[in-house]
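The following questions and answers treat one structure. Please look at it before reading on.

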Amino acid sequence: MEQLEQAIQEIKTALPGLRLMENEPLANHCSFRIGGPGRALAVPEDITSLTRICYLLKKHELAPFILGNGTNLLFPDEGLNDLFLISTEKLQKLFLLPDGAIYAESGVSLSRLASFAQQNELEGLEFASGIPGSVGGGLMMNAGAYGGELKDVVESVVIYFLPEQALYELTAEQCAFAYRSSYFQTHPGCVIVSAVFRPKKGDGAAIAAKMRELNQKRREKQPLDLPSAGSAFKRPKDGYAAALIDQAGLKGYSVGGAQVSEKHAGFVVNTGGATSHDVYDLMIHIRRRVYETSGVQLEPEMIILAPDYKLEDHGPQVPLHRIYGAGLMEEE
Ligand SMILES: Cc1cc2nc3c(=O)[nH]c(=O)nc-3n(C[C@H](O)[C@H](O)[C@H](O)COP(=O)(O)OP(=O)(O)OC[C@H]3O[C@@H](n4cnc5c(N)ncnc54)[C@H](O)[C@@H]3O)c2cc1C
């Protein structure tokens, strides 16, 4: 705690123009609208400021929690007093590279990325247009929908690797993408900075039509009018979480303000005033009932932050291409 307070003071001195929110309600920064105060939430203007904050935190043996669009998170009611959060919302660079690939910084929303691809007649990102996350959060989760996943279109990812204070470029293969999982999930300490996507050349009108069709499906099937974190559970090996939850008779079941959506049983929604404990208790109940009725153990898809959440430092386990070293930071 003392380390964090010292780091906050140092960061304020080193980056006087930084937008730094203290004791900020985290409910304001996630789609679930749940969560107590976060001790410190910084919104760096660019990649350089982000890496400087990381460097100053590392000096105090602290690692930040990186916040994308907050659409796959459950923050605790108790708040997070021992974590420094960094939002990527200002990392918004998005452009075509000379060879026709797309460069996107991690704060770019997936819907903006998909629209940009469509405008440039590039096909393969239509599935992402209705996913409310950012490029960083999307790559962390290998977000996907309607048969598409980010892994199908990403070519490379640049990360700032906290333990070494260095930038690395990973190929798509090194990112070890799998269903709602990635290298970044199993190796804490990876801050996703930007990525290159290589969708195929396509027909702009057909791409736009596909995006409209998928978004219409989403509006018909999903409870988009209520706060949630998307699918509460991952798809089990054989079958669908929503179908199993429905079969267990849980559609509409609620604990406090948290409810299994009546529209789509795969979503836990906040019907008003839900606490994180309502959500935990409801998810525990769902898991127990689904196991009793089908024998399937559901695994949560959303990232659940407990009040004592800590990031561990792990070294990279695959050879990485180092493109920018810590030395540059130390010379400042
Ligand atoms: C209504 C609704 C519909 C949804 N539909 C879908 C869907 O169809 N398919 C799907 O896959 N998901 C879906 N989701 C879930 C969510 O949008 C995705 O998982 C999305 O990729 C999360 O991105 P985010 O920016 O919101 O990440 P956040 O929720 O902010 O963070 C998620 C995780 O990623 C980490 N993270 C975020 N940015 C970075 C970064 N730059 N570097 C390192 N780590 C980072 C965070 O620390 C956290 O661990 C839905 C959610 C909602 C609310």
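Predicted model: local features only at pLDDT ≥ 70, side-chain atom pairs only at ≥ 80, totals over all residues.

Q: How many residues surround the ligand?
A: A residue counts as near a molecule if one of its heavy atoms lies within 4 Å of it. The closest here are I66, N69, T71, S134 and G144. In total, the number of residues that surround the ligand is 35.

Q: How far does a polar side-chain atom of S134 lie from an oxygen atom of the ligand?
A: A polar contact is a pair of N or O atoms within 3.5 Å; within protein, one must be able to donate a hydrogen and the other to accept it, and residues adjacent in sequence count only if both atoms are side-chain atoms. A backbone N or O atom of G70 lies 2.8 Å from a ligand oxygen atom, and a backbone N or O atom of G137 lies 3.3 Å from a ligand nitrogen atom. For the polar side-chain atom of S134 and a ligand oxygen atom, the distance is 2.6 Å.

Q: How much of the ligand does the protein bury?
A: Accessible areas come from the Shrake-Rupley method with a 1.4 Å probe; for residues, only the protein chains shown count as cover. Taken alone, the ligand exposes 970 Å². Of that area, the protein buries 94%.

Q: Is the pair of F161 and Y168 stacked or edge-to-face?
A: Rings of Phe, Tyr and Trp (its six-membered ring) pair if their centres lie within 6.5 Å; planes under 30 degrees apart count as stacked, over 60 as edge-to-face and the rest as tilted. By this rule there are 4 aromatic pairs, and one of them, F95 with Y103, is stacked at 4.7 Å centre to centre and 20° between the planes. The ring centres of F161 and Y168 are 6.1 Å apart and their planes stand at 70°, so this pair is edge-to-face.

Q: Is F95 buried or partly exposed?
A: Buried means under 20% relative accessible area, exposed over 50%, and partly exposed in between (1.4 Å probe, protein chains only). Y103, at 17% relative accessibility, counts as buried. F95 has 36% relative accessibility, so F95 is partly exposed.

Q: Why is C54 too far from C190 for a bond?
A: A disulfide is a pair of cysteine sulfur atoms within 2.5 Å, and the structure holds 0 disulfides. C175 is in none, as the nearest cysteine sulfur, that of C190, is 9.1 Å away. For C54 the closest cysteine sulfur is also in C190, and it is too far for a bond because the distance is 12 Å.

Conventions:
Residues numbered from 1 in each chain as written. Heavy atoms only, no water.
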